[in-house]
Amino acid sequence: MEGSGDEFMKYRSPLVSRYASKEMAYNFSDRKKFTTWRKLWLYLAKAEKDLGLPITDAQVSEMESHLEDIDFVMAAEEERKLRHDVMAHVHTFAHCCPTAAPIIHLGATSCYVGDNTDLIMLRDGFHILLPKLARVIDRLANFAEKYADLPTLGFTHYQPAQLTTVGKRACLWLQDLVMDIRNLQRARDDLRFRGVKGTTGTQASFLQLFQGDHDKVEELDRKVTEMAGFKKSYLVTGQTYSRKVDIDSLCVLASLGATLHKICTDIRLLANLKEIEEPFEKEQIGSSAMPYKRNPMRAERCCSLARHLMALVSDPLHTLSVQWLERTLDDSANRRISLPESFLTADIILSTMQNITEGLVVYPKVIERHIRHELPFMATENIIMAMVKAGENRQDCHEKIRVLSQQAAAVVKQEGGDNDLLARVQADPYFAPILGQLDALLDPKTFIGRAPQQVTRFLSEEVRPVIEPYKSKMDVKIELEL
C-alpha cells in the first residue's frame, strides 16, 4: 500500500507505540540489549587481560571503539544462517573488530551476555520506576495534607459509615504505596550479577583458561561484576541465574499493580459520587454520544493496565517450576515478553498516576451535601448522650430516636425524599432540652476522630522520609499521551 508506512503493516505493541516513556522503551530496546552485550564482552576481555591472558591493548581498544556501531542487518542475516542470536552478534562484532575477533566471548557461554544483560535491564528498570513512584507518593502526600481535616463520608461495604477525612482516605492509599516503594527498592538492591560462570555454572572453562588457578577465576568474576556496576554476583548458578529472581522482581511489580488498581477504583467510585474527579482537559470529550459526561478515563486506563501487570507474574512462576536441572530453553521466549512488559506496564501506570495525582479535583460542597444526607442517622448516639446528660432516661430516648429514624428512613427509601430526621427531632417536644445543642451535635468535624492528627504524623514519620532520596527528581513533568 503506497504511502502507508511499513510500521502500519504489522502489529505494534501499544505498550511502546502508544504509552511507554522513552527511557523505559529504550531500556528494553535492541539497541540497549546488544550494546550491553558488547560492553560485557569488553569487560570480560579487560579482566582476562588484567589477569594474565594473552590479550593485547590493541584488541581491547578495537572493541572499545565499536561498542555502538552495530550492523543490525548483518546480525539478522547471521542469525538466519546460524539460528543462534548470541553467535550472530559475536560474528557481527568480530566483523568490525578483526584484531579482537579471536578473543571475543573467550571462555563464555551465551548466558554470560544474555542473563547478565537481563539483570542490568531489571536493575535499570527499577532505577526508572522508583523516582516515578516517589513522585506519585509526593503528589498524593500533598493532597492528603491539603485535605487532612475535610470531613467526608466513610464507606464500608460501599455503604455510608462513620466519617473520615479526604486526607485520611488518601493516607490509606499512601500506606500501600510506601510499602510498594520499599518493596521495589529491596528487589532492586537484592539483584546480583550472574557473572562469569560457564556453561553449567561450574566455571570449568575459565578454570581451564587460567590453568587451574581458582583465585584468578574468582578475581575474574569479581572484576567483571564490578565493571557491570554490581556489588555482588550469585555464588552458584546453573547455566542461568535462578529464575526465582524474575519472580521476585515481577512480584513486587504485580503488588504495585494491585495497589494502583485499588486507588484508581476508589477514584472512579468517588467520581461517580461527584466528590472527586481526575483532571479533565478543556477540550477533552468524555463520550461521543453524551456530551455532558466526564469519564475517569485515566483511572480506567490504570485499572486496565494494572490487571495485565498483575497477570504477568504468573509467567515467571511457571517458568521457574519447569526449569529442569541446570536449565531448559523454554524460559527464553516467555521471558522476552514477560520481563519487558511488566516494567513497561508499571512505567505507564505510574506516569498516568502522576498526572492524576497532580490534578485531582475535590468538590467540598458535594461532599458536604452527602454528609448532611447521612449524618442525622450517625448523630443519634450523640443525641442520646446529650439527652441523658439533660436528665432523661437512655432507654426511653433510644426508643424515641429509633421510631423517628425509621420514619425518616422510610421517607428516604420509599418516597425518595431527603433525610428529615433532624426536623422530626426538632418537632418533638421530648427533645426540647437539647434543641440548642443540635448544631454542635451535628458538626461533621466532631465525627472525624483523630483523622487530621493521624495524617500529620503519618506523612511526617512514614511518607516524607521514604521519598527523601528522590527529592532531586521531584520536579520532573510528565508528558501524558491521552
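1. Basis of the note. This is a predicted model, in which local features need pLDDT of at least 70 and side-chain atom pairs count only at pLDDT 80 or more, while totals for chains, interfaces and linings use all residues. Residues are numbered from 1 along each chain as its sequence is written, and side-chain values use heavy atoms, with hydrogens and water left out.

2. Extent of H17. Helices (H or I, at least four residues) and strands (E, at least two) are DSSP runs numbered from the N terminus. Helix H17 spans residues 394–414, 21 residues in total, and reaches 29 Å from its first C-alpha to its last, close to the 30 Å expected at 1.5 Å a residue, where the expected span is 1.5 Å times one less than the number of residues. At the start of H17, the backbone nitrogen of Gln395 has a side-chain oxygen of Asn393 within 2.8 Å.

3. Two faces of H17. The buried residues (under 20% relative accessible area, with exposed meaning over 50% and partly exposed in between, for a 1.4 Å probe and protein chains only) are Cys397, Ile401, Leu404, Ser405, Ala408, Ala409 and Val411. They lie on the same side of H17 because they cover an arc of only 150° around the axis, the arc being that of the directions from the helix axis to the C-beta atoms. The face turned away from this buried side carries the exposed residues Gln395, Gln406, Lys413 and Gln414.

4. Cover and packing. The buried residues of H17 are covered by elements including helices H15 (364–378), H16 (380–389) and H18 (421–427). The axes of H16 and H17 come within 9 Å and cross at roughly 145°; axes are lines fitted to C-alpha atoms, for helices over the stretch in contact, and angles run from 0 to 180 degrees between N-to-C directions. In contact (heavy atoms within 4.5 Å), residues of H16, among them Ile384 and Met387, meet residues of H17 that include Cys397, Ile401 and Ser405.

5. Most residues other than glycine have a negative phi.

Methods:
A polar contact is a pair of N or O atoms within 3.5 Å; within protein, one must be able to donate a hydrogen and the other to accept it, and residues adjacent in sequence count only if both atoms are side-chain atoms.
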